[in-house]
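Subject: Structure handover

Hi,

Here is the structure for you to open. My notes on it follow below.

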Amino acid sequence: MTRRSLTAILVAAAATIALAACSAGGSGGAGAGGGDYVTDGKLTIGTGEPAYYPWVIDDAPESGEGFEAAVAYAVADELGFDADDVVWVRSTFEQAIAPGPKDFDFNLQQFSITDEREQNVDFSSPYYETTQVVITVDSSPAAAATSIADLKDLLVGAQTGTTSFDAVEQVIAPTAGAQVFNTNDDAKLALQNGTVDAIVVDLPTAFYLTGVELDGGKIVGQLPATAGGGDAFGLVLAKGSPLTADVTAAVDALRADGTLDALAAEWLGGEAAPVLE
């Protein structure tokens, strides 16, 4: 064999090896099966232990039922993953937003986007913004309220220094003034013992208090969107994650095409939390 022939064979072999490496995903780029994911070819999503209604139904995120479970699978689809390629892991709220490596590609359990948290983790763009909600108990006169006017002559309170308290003062404007509480726990206790007729909290807290902590808890309804601001929820990723831009683009696409609004209406709206006029 001549030296020229040997050289040609070696060049061809090198080209074949390089092509094989590229087709195997060896470049490490983002995308379904890329090397930037926790597990090659899988999308690993974190949620709480347990994960609560209505964000996840029956603590089974793999069912895709519940607002955040449905959002997770919608994001997975935008990223190019089949539902069978989604892997769920569990973490506490604090573990997910602590600095350091993560065992998930992104995590969602109602994480409000804040400057302080952004020092430790990345956030996607918001997939949901909370609203302010009036809650009560079955024994309260507020249980029959169907409008803001029905609440004006009742005792309505909220935690001081919150957007919920601002909503009581500015939107409901009760005749007796807004009832002030240092914490939501204090407000909940006052509602339970009849000291107040209703309290205002954000939507996630409303679902939790009425579904888990209050005896005979009831959601009266959401206040209009103009009632002060709410917390913006984002998907949490490791600080500096190479996936942050792609995940944000996926969330933005779902917002633009109406998917996020449709999922919110399905799992967080309707009869469970009607808007009070």
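Start at valine 75. Beyond its neighbours within four places in sequence, valine 75 is in contact (heavy atoms within 4.5 Å) with Phe106, Leu235, Ala250, Val251 and Leu254.

Before you read on: this is a predicted model, where local features need pLDDT of at least 70, side-chain atom pairs count only at pLDDT 80 or more, and totals for chains, interfaces and linings use all residues. Residues are numbered from 1 along each chain as its sequence is written, and side-chain values use heavy atoms, with hydrogens and water left out.

**Cores**

A nonpolar core here is a set of buried Ala, Val, Leu, Ile, Met, Phe, Trp, Tyr and Cys residues joined through side-chain atoms within 4.5 Å. Buried means under 20% relative accessible area, exposed over 50%, and partly exposed in between (1.4 Å probe, protein chains only). The largest core has 49 residues. Phe67, Val75, Phe106, Leu108, Tyr127, Tyr128 and Ile135 touch the most other members. Helix α2 (residues 67-78) gives the largest share, eight residues. Helices (H or I, at least four residues) and strands (E, at least two) are DSSP runs, numbered from the N terminus. A second, separate core has 18 residues, among them Val134, Ile148, Ile172 and Val220.

**Aromatic pairs**

Rings of Phe, Tyr and Trp (its six-membered ring) pair if their centres lie within 6.5 Å; planes under 30 degrees apart are stacked, over 60 edge-to-face, the rest tilted. There are twelve such pairs. Phenylalanine 93 and phenylalanine 111 make a tilted one, 4.6 Å centre to centre with 35° between the planes. Phenylalanine 93 sits in helix α3 (residues 93-97) and phenylalanine 111 in the loop between β3 (106-107) and β4 (121-123), so this pair ties together parts 18 residues apart in sequence. Phenylalanine 93 is partly exposed at 26% relative accessible area; phenylalanine 111 is buried at 0%.

Tyrosine 128 and phenylalanine 233 are also tilted, at 6.1 Å and 45°. Their strands are β5 (residues 128-129) and β11 (residues 232-233), so the pair ties together parts 105 residues apart in sequence. Ring pairs link Trp55, Phe67, Tyr127, Tyr128 and Phe233 into a cluster.

**Strands**

Strands pair if DSSP finds at least two bridges between them. Strand β7 (residues 156-159) runs parallel to β9 (residues 198-202), joined by two bridges. Valine 156 has alanine 198 as its bridge partner in β9. β7 also pairs with β8 (residues 179-181) in the parallel sense, over three bridges. Glycine 157 stands opposite glutamine 179 in β8.

Best wishes
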